[in-house]
2 protein chains.
Amino acid sequence: MSAAVIAVDAMGGDFGPRCIVPASLDCLSAFPSLRLLLVGQSCVLEQHVSAYKKEIDHSRLAIVEAEDVVGMDERPTLVLRGKPRSSLHVALEMVRDGQAQACVSAGNSGALMAISRHVLKTLPGVDRPAMCATIPAGRRPFLLLDLGANVDCTAEHLYQFAVMGSMAAQLQGIEQPRIALLNVGAEDIKGNQQVRLAADKLLLADDLNYQGFIEGDGLFRGEADVAVCDGFVGNILLKSSEELARTIGSKIEALFHRRWYLRVIGVLAYPVLRQLRRELMPEQYNGASFLGLQGVVVKSHGNAGQKAFSAAIRRAVLDVEQDLPQRLGARLAPLL
Amino acid sequence: MSAAVIAVDAMGGDFGPRCIVPASLDCLSAFPSLRLLLVGQSCVLEQHVSAYKKEIDHSRLAIVEAEDVVGMDERPTLVLRGKPRSSLHVALEMVRDGQAQACVSAGNSGALMAISRHVLKTLPGVDRPAMCATIPAGRRPFLLLDLGANVDCTAEHLYQFAVMGSMAAQLQGIEQPRIALLNVGAEDIKGNQQVRLAADKLLLADDLNYQGFIEGDGLFRGEADVAVCDGFVGNILLKSSEELARTIGSKIEALFHRRWYLRVIGVLAYPVLRQLRRELMPEQYNGASFLGLQGVVVKSHGNAGQKAFSAAIRRAVLDVEQDLPQRLGARLAPLL
């Protein structure tokens, strides 16, 4: 297949270009056929790029001017109308116009979603795109959606998320992904009306491996490959579980520092602690795919560091290689 | 103060009397002035009690006959009307009639809530009682409510939960509890309508130390003493965080078993691992108080073991000693 070209919103996120530029250079080294377009204020970006002594292949890294920057707390609708030359907007237009195959951003999620829908449009039949990512910390990783794009969801939305999540899991190599709806109990009388109605719809979908309701504990016990919920629940669940895992990691390290002899044991236990940190820290899984758009868009955590932002670019490369939007579209057409 | 008398629904939960009876005997040893009423099928309960060789002071432990048992997945409304002689119902009536000062149950949450409201009534001004518990695993423990009693909440409900949670935290010794509403972002444009309207109400409440919105990660970073959300979010958050902490604990133990020399280091690291398990495992915090009722009701996890169920009884003893319902009532009267 031809080389992937990815438009990177280089101004977004809490750390902006000083994290995004080195992460992009790392990815160029890791993927020899990758091409990146760094979109943003070119004078700023050129400075950051030239700060690297590395030999840069300029046929694979271009800077694209976009004078406006979207703040993390600006209202999506105002950004959409008021800042047509933001790095976010320009990056998405490059995907629409075929100059790039994916857009990656650590910027304002709401604005990214609004402008994505406006510029790229949704796949036929899809009401609302959903943010979907792999959650690693439990017994086995699972896909969770929606992660915050849609705080209020109808049963139809939850149903569409389940169909899209199932397809995304299949593309990641899970043959018959076990789909579950997140709820406060496993019995069919439990939960709010949206969840119960979505369950009714999913029970009728023969070609989905729908398992029923799953509770919060079942999620981390590995009872589903794809867990579906509204964006309010998903966002809180994602952020809380990441922080909880991080806190427990720090707690362990602190415990090994309480006494001198524990410190010695801590040094001996280093391989275990390193392995644990690797399993608990979500950096390597950073990058939520927007499912349901006519193009690949990946949202990085706003506070992603260099390594985490690289993971988001990697996620976009995979989504491009797997032709995610086209294959989702083909799968959805007969269902929706 | 006089001895607490607690009515224990001895038939509830996944393990029923075989866990609840020994947990009750443990509590009688731990609290010399406590009296317990074990409510349930007396023939079954007598067998379980007599299986213990321990000297039992029958002036402090009585068995109260209740022939019906409520299943974990029975519909609350059907249980309320159809099983007036269930252990749950009888235990709550003993609280209403002054024979006990609190009820503890590991049974069907929905039924416990419905029958509590029916038998004990809510405090004046309170629309819906909320389930509130201490969440331990993060940087510092915090109170979370609602934990599942109310899957759909209006702004008014969330506001009332905040007022009640603040009072509960004060009774636990936190002078100016920091109250926060759980949301998908910290900015005031974020979230669903209920959360935004509840924030408007809380901003006007001068005597609450309201901090604004809190995200999932802030929760485990210790940014609030009381976190308020609807029961759908709270239930999923509670169960997922408990299971995640448990999974990480098991993961660490498994890592120390991978190689023989790691096993040796694991033995050396035992004090650290034991301490960690103690901090991560939620058993000691089991027991959610129902806030907003005219009586003390504590819900134990359905799958609570002996130690965890003892913690729920302990929670009820504290709530009785602190006169929780009366003090909540006095605090709420001018506000609601």
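User: How far apart do the C-alpha centres of domain 1 of chain A and domain 2 of chain A lie?

Analyst: The two centres are 26 Å apart, domain 1 being 1–126 + 292–336 and domain 2 being 133–251 of chain A, with bounds that come from an automatic or database domain assignment. This is a predicted model, in which local features need pLDDT of at least 70 and side-chain atom pairs count only at pLDDT 80 or more, while totals for chains, interfaces and linings use all residues. Residues are numbered from 1 along each chain as its sequence is written, chains are lettered from A and ligands numbered from 1 in the order in which they are written, and side-chain values use heavy atoms, leaving out hydrogens and water.

User: How do you know that domain 1 of chain A and domain 2 of chain A are in contact?

Analyst: Contact means heavy atoms within 4.5 Å, and by that rule 14 residues of domain 1 of chain A touch 14 residues of domain 2 of chain A. The two domains also bury about 1400 Å² between them, with 63% of it on carbon and sulfur atoms; buried area here is the accessible area (1.4 Å probe) that two parts lose on being put together, summed over both.

User: What makes Asp207(A) and Arg331(A) a salt bridge?

Analyst: The rule asks for a side-chain nitrogen of Lys or Arg within 4 Å of a carboxyl oxygen of Asp or Glu, and the N to O distance of this pair is 3.5 Å, so Asp207(A) and Arg331(A) meet the rule. Between domain 1 of chain A and domain 2 of chain A the count is 1 salt bridge, whereas over all chains it comes to 32. Asp207(A), in the loop between helix H7 (193–203) and strand E8 (210–214) of chain A, and Arg331(A), in helix H13 of chain A, are 124 residues apart, and the pair thus links distant parts of the chain. Helices (H or I, at least four residues) and strands (E, at least two) are DSSP runs, numbered from the N terminus.

User: Why is Asp207(A) called partly exposed?

Analyst: Buried means under 20% relative accessible area, exposed over 50%, and partly exposed in between (1.4 Å probe, protein chains only). Asp207(A) has a value of 46% and is therefore partly exposed, while Arg331(A), at 16%, counts as buried.

User: How do you know that Glu243(A) and Arg221(B) join two chains?

Analyst: Their side chains meet in a salt bridge of 3.4 Å, N to O. Glu243(A) lies in helix H9 (residues 231–255) of chain A and Arg221(B) in the loop between helix H8 (216–220) and strand E9 (226–228) of chain B, so the pair spans two chains. Glu243(A) is buried because its relative accessible area is 2%, whereas Arg221(B), at 34%, counts as partly exposed. Across the interface of chain B and chain A the rule finds 8 salt bridges, and the area buried there is about 4900 Å², of which carbon and sulfur atoms give 72%.

User: Why are Asp319(B) and Arg315(B) separated by about one helical turn?

Analyst: They are 4 residues apart in helix H12 (residues 306–321) of chain B, which means a separation of about one helical turn. Asp319(B) is buried at 2%, and Arg315(B) counts as buried at 14%.

User: What makes the nonpolar surface patch of about 910 Å²?

Analyst: It is made by Trp260, Tyr261, Val264 and Leu268 of both chains, that is, Trp260(A), Tyr261(A), Val264(A), Leu268(A), Trp260(B), Tyr261(B), Val264(B) and Leu268(B). Patches are made of residues with over 30% relative accessible area and no salt bridge, like charges being joined within 9 Å and nonpolar side chains (Val, Leu, Ile, Met, Phe, Trp, Tyr) within 5 Å; the areas come from the Shrake-Rupley method with a 1.4 Å probe, and for residues only the protein chains shown count as cover. Trp260(A), found in helix H10 of chain A, has 69% relative accessibility and so counts as exposed.

User: What makes the phi of Asp323(A) a positive value in a residue other than glycine?

Analyst: Asp323(A) has a phi near 55 degrees, and the residue is not a glycine. Asp323(A) sits in the loop between helix H12 (306–321) and helix H13 (324–332) of chain A, and its 38% relative accessibility is why Asp323(A) counts as partly exposed.
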